[in-house]
Amino acid sequence: MTAVPHLQIKNLRAKIEDKEILKGMNLEIKGGEVHAIMGPNGTGKSTLASTLMGHPKYEVTEGEVIINGEDLLEMAVDERARAGLFLAMQYPSEISGVTNSDFLRSAINARRGEEISLMKFIREMDKKMSTLEMDDSFSHRYLNEGFSGGEKKRNEILQMMLLEPTFCILDEIDSGLDIDALKIVANGVNEMRSADRGFLIITHYQRLLNYVKPDFVHVMMQGRIVKSGGPELAERLEAEGYDWIKEELGIEDETVNANV
Ligand code: ADP
Ligand code: MG
């Protein structure tokens, strides 16, 4: 029997260009759990995601992150992917000259540490693309080039479904999606839910959480988690915004910090 996947973020502090953004993040995710992080713009949600993935722009100054008993922060970016961490980005990059299928196939090979046969790859990719209602042409097009916002998001989920990560971080995967696309993406996520996989869903709106039911909802403000609860917390935030939490905690308005 393999151990239950376990990701522990302990007192994580990180800065960018000498500006401290993460100010003592604590979060623990186990296999089978879906955690949602909500919070105002500019509060450090994407910074958390990028820091976990090892983006070189962010400098960790304190704290630790343990993935299945190993020190994540010591790992290079590709090692983090091999360890099972995956990020669906808020703003996926376009890469000209690399087709979607070539990119996905090399990503799968890197993740699994062995070559997947072309036949098997095509079979898996076709299956996932039909779940996501993506047109065949997407496999031959250059990575995200000329994709609409919604198509890029679907493509991120396609990557996730093919890579079969242990921990999936979805950063604003719902932004820019109409209701039909949102349901399709949510179906893809729900299909992936299992006891040996954990999710961290970063979202601005409660809407996605109607389709992907979280076990835990956390509110992030000023670089740390300030409140945790169940799905009812997301509903209250949707109805009342963040002011009541700010008042409860005596936090000054931080929208001056926002750049998004
Ligand atoms: P969120 O995802 O919660 O909206 P971000 O993590 O994107 O927030 O940003 C958190 C803070 O970090 C913001 O104040 C933003 O202005 C700042 N920030 C993000 N990227 C950079 C950068 N490249 N240079 C300087 N500051 C940045
Ligand atoms: Mg963000």
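1. Let me begin with Ser46: its relative accessibility is 26%, so Ser46 counts as partly exposed. Please keep in mind throughout that this is a predicted model.

2. Ser46 matters for the next point, the metal site. The magnesium ion (ligand 2) is coordinated by Ser46 through OG and by Gln90 through OE1, at 2.1 to 2.3 Å. The pair brings together distant parts of the chain, 44 residues apart: Ser46 belongs to helix α1 (residues 45-53), while Gln90 sits in the loop between β6 (85-88) and β7 (95-99). Gln90 has 15% relative accessibility and therefore counts as buried, the cut-off being under 20%.

3. Next, helix α6 (residues 179-192).

4. Which residues of α6 are buried? They are Ala181, Leu182, Ile184, Val185, Ala186, Gly188, Val189 and Met192. These buried residues pack against α4 (118-131), α5 (149-163), β9 (167-171), β10 (198-202) and α7 (207-211).

5. Asn68, in the loop between β4 (59-67) and β5 (70-71), has a positive phi of about 45° without being a glycine; its relative accessible area is 39%, so Asn68 is partly exposed. Gln222, in the loop between β11 (216-221) and β12 (224-229), is not a glycine either, yet has a positive phi of about 50°. Gln222 counts as partly exposed because its relative accessibility is 30%.

How values were computed:
Residues are numbered from 1 along each chain as its sequence is written. Chains are lettered from A and ligands numbered from 1 in the order in which they are written. This is a predicted model: local features need pLDDT of at least 70, side-chain atom pairs count only at pLDDT 80 or more; totals for chains, interfaces and linings use all residues. Side-chain values use heavy atoms; hydrogens and water are left out. Buried means under 20% relative accessible area, exposed over 50%, partly exposed in between (1.4 Å probe, protein chains only). Helices (H or I, at least four residues) and strands (E, at least two) are DSSP runs, numbered from the N terminus. Contact means heavy atoms within 4.5 Å. Donors are N, O and S atoms within 2.8 Å of the metal (3.2 Å for Na, K and Ca); water is not among the atoms, so sites may look incomplete.
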